[in-house]
Structure formats: C-alpha cells, structure tokens
Amino acid sequence: MKVILQRVSRAQVTINQEQTRQIGKGLMVLVGIMEGDEKQQAEFLAQKLVELRVFCDEQDKMNLSLQDIDGEMLIVSNFTLGADCKKGRRPSYTNCARPEKAQALYEYFVQCVRQKGLKNVQTGTFGADMQVSLINDGPVTIILDTKEIGK
C-alpha cells in the first residue's frame, strides 16, 4: 500500500460534483492499493498514521500525533499512486490491485482507522470522480510505502 499524507488545517472532498465531506486540523490521506497488498498492510498503516508524530508541540517540534491533538482524517482512494513511469510517456498501472480487491482493502483500511477512536474520519467514494481541496499546514507531506518499509 502507498499513502501520501499531508498535515492540513482543513481539507474537503467533493464527490461526483454533489456531496462534500470535510475535516478540520488533521491529516489528508491519499491511499493506493497495490498488487499483493493484504490486510496486514492496512492495519500497519492505520496504526502508523494515527501515531505518526507530525504535529508541533509547544517548542515547535514535530512531537505530537493525530491522537495527541484530537485531530481528524480525510481518506481518499487514489489508484494513480501506483503509476509506473519508467517507460514512455504514459503511466502504467499494472502494479495496482484489481478494483474489486482494492475497494475491499480500502474499506478495511478505513475501518481500521475508525477503530482508533479519532473524532472525525471522512472518506471519498472508491472509484468516484472527486475533487480534493486542502490547506497544507507546514507544508508537511510524507509518502509511506509498505513495500519500502518492509511491512
């Protein structure tokens, strides 16, 4: 699994030009499910994201987690995180999980995050046309890839 997380002061996703879901201070998370990913990767990343110390303490050091600040999370599926651009000019997505498996694992990941007790966890809709807007705080943007981490 691959995620791009951004520390935000606020973020929102509009789904199919109709429904809008939003969060305040917290993390905006783009999630890509790759071929071979399983539940253990979803569980690992859910735990990692809520405990990752990327929020500033009184000394302006990134020493606080999402749980510590009672922060919120917006989770949006994004298969393009699996783009392979090694050859040619058109990205290949052969590393991405098949949609039916990816959707099930994405939903499991969201469930794992919700079980961590955050006050507000919002999501996009898997496979929908979505527009995401956010105010990146910092900016702080971090890429996590379970394949690189070895999980």
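Visitor: Is Tyr106 buried or exposed?

Guide: Buried means under 20% relative accessible area, exposed over 50%, and partly exposed in between, with a 1.4 Å probe and protein chains only. Tyr106 has a relative accessible area of 4%, so Tyr106 is buried. This is a predicted model: local features need pLDDT of at least 70, side-chain atom pairs count only at pLDDT 80 or more, and totals for chains, interfaces and linings use all residues. Residues are numbered from 1 along each chain as its sequence is written, and side-chain values use heavy atoms, leaving out hydrogens and water.

Visitor: How many aromatic pairs does the structure hold?

Guide: Rings of Phe, Tyr and Trp (its six-membered ring) pair if their centres lie within 6.5 Å; planes under 30 degrees apart count as stacked, over 60 as edge-to-face, the rest as tilted. The structure holds two such pairs. Phe79 and Tyr93 have ring centres 5.0 Å apart and planes at 65°, so their pair is edge-to-face. Phe79 and Tyr93 both lie in the loop between β6 and α2 (99-114), so the pair ties together parts 14 residues apart in sequence. Helices (H or I, at least four residues) and strands (E, at least two) are DSSP runs, numbered from the N terminus. Tyr93 has a relative accessible area of 31%, so Tyr93 is partly exposed.

Visitor: Which aromatic pair is tilted?

Guide: Tyr106 and Phe126, at 6.0 Å centre to centre with 45° between the planes. Tyr106 is in helix α2, and Phe126 is in the loop between β7 (121-123) and β8, 20 residues apart. Phe126 is partly exposed, at 25% relative accessible area.

Visitor: Where does the charged end of Lys39 sit?

Guide: A charge sits over a ring if NZ of Lys or CZ of Arg is within 6 Å of the ring centre and within 35 degrees of the ring normal. The charged end of Lys39 sits over the ring of Tyr108, 4.8 Å from its centre.

Visitor: What should I look for in the backbone?

Guide: Most residues other than glycine have a negative phi, and most peptide bonds are trans. Asp60 has a positive phi, near 65°. Asp60 lies in the loop between β4 (55-56) and β5 (62-64) and is exposed, at 61% relative accessible area. Asp70 also has a positive phi, near 55°. Asp70 is in the loop between β5 and β6 (72-77) and is partly exposed, at 43%.

Visitor: Which peptide bond is cis?

Guide: The bond from Gly138 to Pro139, with omega near 0°. Pro139 lies in strand β8 (residues 130-145).
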